[in-house]
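Please consult both alongside the notes.

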Amino acid sequence: MKTNKKVYINNFDSISCAGADSNELFDSICQKKDTISIDSHYVEDRSVAIGKIDSDIEFNELLLKKCENVLKASNLEDFSNTLLVIGSSVGGMSETEKIFFQDKTYQNIDYKKHPIDAIAYCLKQKFSFYDDVSFSTACTSSANALGYAKEVIQKKIYKNVLVVGVDSLSYTTVCGFSALSVLSSNPCTPFDKNREGMNVSEAIAILLLQDEKRENAIELCGVGYSSDAHHMTQPHPQGLGASNAMQNALDDAKITPTDITYINAHGTGTQANDSAELNAIFNLFKTHKPYIGSTKSITGHTLGAAGALEAIISCLVLLEQTIVPNKNLYEVEEDAANFPQETMKEKVSFVLSNSFAFGGNNTSLVFGLAK
Amino acid sequence: MKINLEIIDAAFLCDAEQIDNLKTKELVPKMVFRRRLTRASKLLIELMSTVGFKEGRIIYGTGYGELLSTSNILKAISDNSGVSPTDFQNSVYNTAVSYASILSKNTSEMLTVSSGDETSLKVLKVGAIKALDLDEILLVVTETFNIDNIDEVNSCKNLLESAVALRVKVTKKEANLFYEEGNLDVNVPKSISHMFKIAKEFTPNKNIIEVNL
């Protein structure tokens with residue numbers, strides 16, 4: 001069902017290890033600030049680099065506060081005519097861990113505060129939404145939430161959609177990725193030949209999408225999905241699924257590869273992911289070489305929140321007409337790729353943002369200046 | 001807004017403890033692949049075969065995810081015994097639908113909905129909106145609660161394994177199958193109950209549902 005309805009991101013807010021709001025986030029990226037910390041708490045007998053939010057306020061309180069900020073900055077009185085779409089990979093797992101590690105039983109776990117739906121449950125204690133739905137597709141969760149938001153506005157089912165990408169640090173994810181031997185003990189170095197792995201991180205990223213544009217709106221022009229159908233944790237080595245997702249997003253946006261100025265890569269810093277993603281990009285961008293960047297050396301990998309957090313970064317790249325640099329990239333994986341090393345003012349028309357996940361779940365998003 | 005869906009085929013499975021007599025060995029001949037499958041993956045693959053769905057988009061739902069892998073991880077961390085990589089890769093909510101896509105080489109969009117007790121209702125809504133693109137879509141929900149000490153958090157559900165699948169497409173025909181809130185089976189988990197009722201009552205003449213958005 002194709003319509004000509006456009007979908008606008010009218011405002012957003014975030015918090016991550018890279019900043020208490022989206023302006024701080026963008027400054028940290030542009031200035032290549034040191035934001036990743038070394039932690040010896042999560043994994044037994046080993047230090048790992050993680051991205052931790054620097055705040056004394058409890059995580060769920062931060063979530064409510066960020067939602068309140070987005071509401072205040074919007075033209076809405078409340079969320080009663082807004083669809084809430086959550087993207088998360090861990091939901092209430094850190095709450096479950098706290099109780100289970102202390103009690104050694106499940107008895108005191110509130111079943112509503114454990115699953116992915118725990119995020120919506122928390123938000124609905126304070127706000128009333130028209131309806132809500134939560135998606136959990138590991139690291140593509142909030143990219144898929146954004147894709148769904150675009151779809152329901154374009155199909156004229158909803159006018160306002162609040163997308164919340166959220167994941168808090170948990171023992172399960174940090175120890176789990178450690179078990180897969182893909183964690184780095186140092187801040188990650190995506191696309192560097194000597195990369196050691198990824199940094200698990202936490203974030204809250206909230207975007208309000210609407211069918212009418214307001215000041216400083218960014219258009220979500222295209223969404224592309226695909227499945228690798230290859231392996232649970234390894235991407236297809238040639239990046240076939242990833243390039244299909246990117247091509248589908250370009251087709252949905254009705255643009256060609258030459259229109260893309262900047263690619264916000266998934267770029268986790270693991271050997272397999274980075275090389276598969278570069279292969280995917282080269283499959284599609286044969287002559288035109290857009291800038292390629294990963295901001296995960298600043299934000300860490302915020303898992304289910306990554307799609308939404310990097311959507312905000314993509315919006316800011318467009319709003320500021322600024323290409324952001326790759327931090328910690330010294331020996332590039334592929335000389336043919338165009339990796340910016342410094343912050344640059346540049347005319348940016350469209351940004352392509354990639355999110356890839358366990359199970360070969362791929363989602364690409366195209367953002368453009370609202371016309 | 002309302003969208004009507006035609007149920008092309010439907011199937012369900014449930015058991016107080018563990019659903020037996022699955023055709024997993026036949027459907028997944030490669031042992032190395034089969035032995036990694038979670039219970040939810042096996043149920044999903046079984047239902048895909050029953051309703052004859054091979055290629056296309058799948059909207060999968062699970063309210064509470066892969067509880068066995070999750071509980072194994074919690075126990076391992078609590079005991080300082082090391083997390084199993086297989087448990088971790090199998091703990092994500094989209095595990096079952098990912099294995100199904102790998103097995104059937106299905107490169108279409110796979111989406112996983114997890115909305116607690118309303119999961120199957122939300123799968124119907126998401127599925128109805130997706131079906132406006134006029135393709136045939138598979139809607140599946142599984143719940144696999146059969147883990148040690150589940151009674152500590154589950155005091156009311158008699159069926160610890162349940163799964164349901166609906167093969168659907170959009171239609172303009174009038175609804176003839178209804179799934180009102182008050183008439184749902186109290187024995188199945190709430191997270192699966194809306195689709196479960198539809199699958200149970202589905203016949204060739206009772207095959208159109210109305211999804212209210």
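The notes below cover the interface, the two chains and selected residues.

The model is predicted: local features require pLDDT of at least 70 and side-chain atom pairs count only at pLDDT 80 or more, while totals for chains, interfaces and linings use all residues. Residues are numbered from 1 along each chain as its sequence is written, chains are lettered from A and ligands numbered from 1 in the order in which they are written, and side-chain values use heavy atoms, with hydrogens and water left out. Between the chains, 54 residues of chain A are in contact with 50 residues of chain B, where contact means heavy atoms within 4.5 Å.

**Interface of chain A and chain B**

- The size of an interface is often given as the accessible area lost when the parts come together.
- Here the buried area is about 4,500 Å², with carbon and sulfur atoms giving 63% of it; this is the accessible area (1.4 Å probe) that two parts lose on being put together, summed over both.
- Six salt bridges are found across the interface, a salt bridge being a side-chain nitrogen of Lys or Arg within 4 Å of a carboxyl oxygen of Asp or Glu.
- Lys130(B) is in a salt bridge with Glu151(A), and their closest N and O atoms are 2.7 Å apart.
- The elements giving two or more residues to the side of chain A that touches chain B are helices H3 (93–103), H5 (141–154) and H6 (171–179), with strands S5 (131–135) and S9 (218–227), of chain A. Helices (H or I, at least four residues) and strands (E, at least two) are DSSP runs, numbered from the N terminus.
- H6(A) gives the most to this side, with seven residues.

**Chain A**

- Chain A has ten helices and 15 strands.
- Its radius of gyration, taken over C-alpha atoms, is 19 Å, close to the 21 Å that the globule rule gives for 371 residues, so chain A is as compact as a globular protein of that length. The globule rule is 2.2 Å times the number of residues to the power 0.38.
- Of its 371 residues, 66% count as buried, meaning under 20% relative accessible area, with exposed over 50% and partly exposed in between (1.4 Å probe, protein chains only).

**Chain B**

- Chain B contains eight helices and six strands, in the order β-α-α-α-β-α-α-α-β-α-β-β-α-β along the sequence.
- Buried residues form 62% of the 213 residues in chain B.

- Met93(A), Thr96(A), Glu97(A), Ile99(A) and Phe100(A) are the buried residues of H3(A). Their cover includes H6 of chain A together with helix H4 (67–78) of chain B.
- Ser181(A), in the loop between H6 and strand S7 (200–201) of chain A, has a positive phi near 60° and is exposed at 61% relative accessibility.
- Asn21(B), in the loop between strand S1 (2–15) and helix H1 (24–27) of chain B, has a positive phi near 60° and is exposed at 75% relative accessibility.
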